[in-house]
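I opened the notebook to see how this chain is put together. Here is the model I was looking at.

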Amino acid sequence: MAIRLGDEAPDFTAETTEGTVNFHDWKKGKWAILFSHPRDFTPVCTTELGAVAKLKGEFDKRNTKVIGLSVDPVDSHQRWVGDIKDVTGADVNFPMIADPDRVVAGKYDMIHPNASDTATVRSVFIIAPDNKVKLTLTYPASTGRNFVELLRVIDSLQLTANHQVATPADWKSGEDVIIVPAVSDADAEKKFPGFVAKKPYLRYTPQPKPPAA
């Protein structure tokens, strides 16, 4: 069955390039991005893995772990790592799941017969610390994924999880946000003094600051 937003991300135990991983234990207390590839030694995915490796510091800042998946075995992944380094200049610094029996792919509905009966589609799942799925995306094989956009989404998810706000189109961290309709004007005046109402249902306020350390 397809995984929907708000579902609990299926747990699994799998072999990876960094040893055996139990998914829920591995990500315990953290956000996670799980992203899949049809197979090793594919051109678009080679560039993607290098791009993710270069962003590891940004994911770390956001308390977010990253893990990749392909249906090929660990030894194939390890050979592919050399190509990724050669092409992108980046060392792969996160685990890559080997899923030759497609157990994880099945749990996450990554096999789409209209695309391929044997290879995983290029899916992305963002999963919160409570193991609930907060975002799903599936890309065609021809289009490389934008991982900077995933950083933006994580910024929004983490902000809106802790404050009664939403983020507008094309929002970036530090820009104004929208007060959610469930907050009355009276409560908004207390919580977000000086907010600007463009429409009765559309009220902007500066991005709330995180609590002091």
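**Ground rules.** I count a contact when heavy atoms are within 4.5 Å. Helices (H or I, at least four residues) and strands (E, at least two) are DSSP runs numbered from the N terminus. Buried means under 20% relative accessible area, exposed over 50%, and partly exposed in between, with a 1.4 Å probe and protein chains only. This is a predicted model, where local features need pLDDT of at least 70 and side-chain atom pairs count only at pLDDT 80 or more, while totals for chains, interfaces and linings use all residues. Residues are numbered from 1 along each chain as its sequence is written, and side-chain values use heavy atoms, with hydrogens and water left out.

**Overview.** I found 7 helices and 11 strands in the protein chain. Its C-alpha atoms fill a box of roughly 60 × 40 × 35 Å along the principal axes. Of its 213 residues, 45% count as buried.

**Helix H4.** I looked up its length and its two faces. Val74, Ser76, His77, Trp80, Ile84 and Thr88 are buried in H4. They cover an arc of only 130° around the axis, so they sit on the same side of H4; the arc is that of the directions from the helix axis to the C-beta atoms. Arg79 and Asp86 are exposed on the other side. What do the buried residues of H4 pack against? They pack against strand E1 (13–16), H2, E4 and strand E5 (96–98). After H4 comes Gly89, with a positive phi near 80°.

**Cores.** A nonpolar core is a set of buried Ala, Val, Leu, Ile, Met, Phe, Trp, Tyr and Cys residues joined through side-chain atoms within 4.5 Å. In the largest one, of 26 residues, Ile33, Phe35, Phe59, Phe94 and Ile126 touch the most other members. Strand E3 (31–36), helix H2 (43–54), helix H4 (74–88), strand E6 (122–127) and H6 each supply at least two residues of this core. H6 gives the largest share, 6 residues. Apart from this core lies another of 19 residues, among them Val21, Ala32, Leu34 and Tyr108.

**Thr64.** I checked this residue in strand E4 (residues 64–70). Thr64 counts as buried because its relative accessibility is 3%. Its side chain reaches the backbone oxygen of Arg62 at 3.0 Å. Leaving out residues up to four places away in sequence, Thr64 touches Trp31, Ala32, Ile33, Phe59, Ile154 and Gln158.

**Leu159.** Is Leu159 buried or exposed? Leu159 is buried, since its relative accessible area is 8%. It lies in helix H6 (residues 147–162). Beyond its neighbours within four places in sequence, Leu159 is in contact with residues including Val165, Trp171, Val177 and Gln207. I noted that Leu159 and Gln207 are 48 residues apart in sequence but 8.6 Å apart in space, C-alpha to C-alpha.

Two strands pair if DSSP finds at least two bridges between them. Here 4 strands form an open sheet in the order E8-E9-E11-E10, with antiparallel pairing. The edge strands are E8 (165–166) and E10 (196–199), each pairing on one side only. I found 2 bridges joining E9 (residues 177–179) to E11 (residues 202–205), and Val177 stands opposite Thr205 in E11.

Definitions and conventions:
Polar contact = N/O pair within 3.5 Å; in protein donor to acceptor, adjacent residues only side chain to side chain.
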